[in-house]
Amino acid sequence: MSLTVTRATLNTDTPIVGVELAPYIVTRKSDGTSTTEDIGKENAHEGSYVRYRWFRSGKKTKMNVCSVHPAEQATLLNIATRTYHCDSECFKHAWREWNRNRIANGEPFPTKADRASPKDDVEGWKAAKAERAEDKPDEKKRVEPWIEVCQTRNYTVSADDVGHVLKLEVVPVDAKSGNEQAQPQNVITGRVIPAPEPPRRNLVKISHNSTPEPRTFTVATYNVLADLYCNSDMYGYVPDWALAWAYRRQNILKEIVNYNADILCLQEVQSDHYEDFFQGEMAKYGYASVYKKKTAQVFSEGKFVIDGCAIFFKKDKFALIKKYEVEFNKAALSLVESLGGATQKKDALNRLMKDNIALIVVLEALDVDQQLLQGKRQLLCVANTHIHANTEHNDVKLWQGHTLVKGF
């Protein structure tokens, strides 16, 4: 056998509508080497390739899910906000948050005429309850019929999948005959849930100018939390599906695009996520970008990755003139050379070598009146960094900040 699938997993057991499911597949070749690369029909290995098939369960569980905790079944319906809740505490907390947001944004309390009739929701709830009551006790023991929905490696969950279970079938296949060369490996998910709406942020406006003056611009900075550091060990209070990058990335993109900043500085941008996601998606909104990753990489899910800093700017407002990269490890080595004594140098290196970086760009403003500038170029320097995070290394933070500012 030229190919053997040794591992097939998903990074979440709870599929969410609109989120792409990207399985982690490890395949062993006939020479004993393993790979996580896709071996499809177009690049078959020694006459074999890996076939993927996605299925949806034939039986659907009709149920309303909590709007706050979508992995939980709803038990309460708020007819004013048209939201579902899993218990009384969830209901009360969501009500307080909704009311606080409403007051902060100057919105009136919805009148009876403003509210959409919850009749459909109530009727749907009653129908689902009646269906569950009719379920036979031994029905869960039955083998569910499966309906094929996709034959690609990745699958984007659709609204039609809500309430269903999904199954991924992975198997090596002979390229000529199409015969399976081994028993398929199956990965079965939990029930698909609707995409929850992230809570709205209450931003504090320090000033408001509806008619910006010429030669003004906006800047935003945002830490996206690299997938490398987003795990249940660090964030045990968060459900696994909410930690999955495929889910988080669409919410992050929606938020930062909504800010509509002329210049956007992002920290903890994972190197592969910049190349595969942020660079292309932000380009659709008119942004050009530069990126600098940290100086040390880690091995994660079959590849070496690390996070870094990215600067995005609107192409119709700025042009890139120069880019500078700061590696604090190099600055530490240069500083240590001026110290005396081997022990002192070793201690300083152990303290300062933290792999952090900074990214600096010089931009030229394009949307300016050249007559006002009398032919002079209007240049802008933007620096983006993510200094060492450990609160027990405040001296390192101070030194990194000082080093960056001194470099200007």
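# Reading a protein fold, one feature after another

Biologist: Leaving aside neighbours within four places in sequence, which residues is I252 in contact with?

Modeller: With those neighbours set aside, I252 is in contact with Y222, V224, W245 and F278. Contact means heavy atoms within 4.5 Å. This is a predicted model, in which local features need pLDDT of at least 70, side-chain atom pairs count only at pLDDT 80 or more, and totals for chains, interfaces and linings use all residues. Residues are numbered from 1 along each chain as its sequence is written, and side-chain values use heavy atoms, with hydrogens and water left out.

Biologist: Where does I252 lie, and is I252 buried or exposed?

Modeller: I252 sits in helix α4. Its relative accessible area is 7%, so I252 is buried. Buried means under 20% relative accessible area, exposed over 50%, and partly exposed in between (1.4 Å probe, protein chains only). Look also for V224: I252 and V224 are 28 residues apart in sequence, yet their C-alpha atoms are 7.1 Å apart in space.

Biologist: How many helices and strands does the protein chain have?

Modeller: The protein chain has 9 helices and 20 strands. Helices (H or I, at least four residues) and strands (E, at least two) are DSSP runs, numbered from the N terminus. Of the 408 residues in the protein chain, 38% are buried. Take the contacts between residues at least 6 apart in sequence: 68% of them join residues at least 24 apart.

Biologist: How do I read two packed helices, and at what angle do α4 and α5 pack?

Modeller: Two packed helices are described by the angle between their axes and the distance between the axes. Here, helix α4 (residues 245–259) and helix α5 (residues 271–283) pack at about 30°, and their axes are 11 Å apart. The axes are lines fitted to C-alpha atoms, for helices over the stretch in contact, and angles run from 0 to 180 degrees between N-to-C directions.

Biologist: Which residues of α4 and α5 meet?

Modeller: From α4 come W245, R249, I252, L253, I256 and V257, and they meet H273, F277, F278, E281 and M282 in α5. By class, this contact has 8 nonpolar, 1 polar and 2 charged residues. Ala, Val, Leu, Ile, Met, Phe, Trp, Tyr, Cys and Pro count as nonpolar, Asp, Glu, Lys and Arg as charged, and the others, Gly among them, as polar.

Biologist: Next, charges. How many salt bridges are there?

Modeller: Side chains of opposite charge can pair when their charged atoms come close. A salt bridge is a side-chain nitrogen of Lys or Arg within 4 Å of a carboxyl oxygen of Asp or Glu. By this rule there are 19 salt bridges. One of them pairs R53 with E169, where the closest N and O atoms are 3.4 Å apart. R53 lies in strand β5 (residues 48–57) and E169 in strand β10 (residues 165–174), so the pair ties together parts that are 116 residues apart in sequence. R53 is partly exposed, at 21% relative accessibility, while E169 is buried, at 10%.

Biologist: Which residues are linked with R53 and E169 in a network of salt bridges?

Modeller: The network links R51, R53, E148, E169 and E180.

Biologist: How many residues apart are E97 and R100 in helix α1?

Modeller: They are 3 residues apart, about one turn of the helix, and both lie in α1 (residues 88–104). E97 and R100 form a salt bridge with closest N and O atoms 2.4 Å apart. E97 is partly exposed at 31%, and R100 is partly exposed at 42%.

Compare R351 and D395, a salt bridge whose closest N and O atoms are 3.0 Å apart. This pair links distant parts of the chain, with R351 in helix α7 (residues 342–352) and D395 in helix α9 (residues 394–407), 44 residues apart.

Biologist: Now the loops: where is K294 found, and is K294 buried or exposed?

Modeller: K294 is in the loop between β14 (287–293) and β15 (298–300). Its relative accessibility is 16%, so K294 counts as buried. Leaving aside neighbours within four places in sequence, its contacts are Y229, I306, D307, G308, D355, N356 and I357.

Biologist: What is the phi of E46?

Modeller: E46 has a positive phi of about 50°, although E46 is not a glycine. You will find E46 in the loop between β4 (34–35) and β5, and at 54% relative accessibility E46 counts as exposed.
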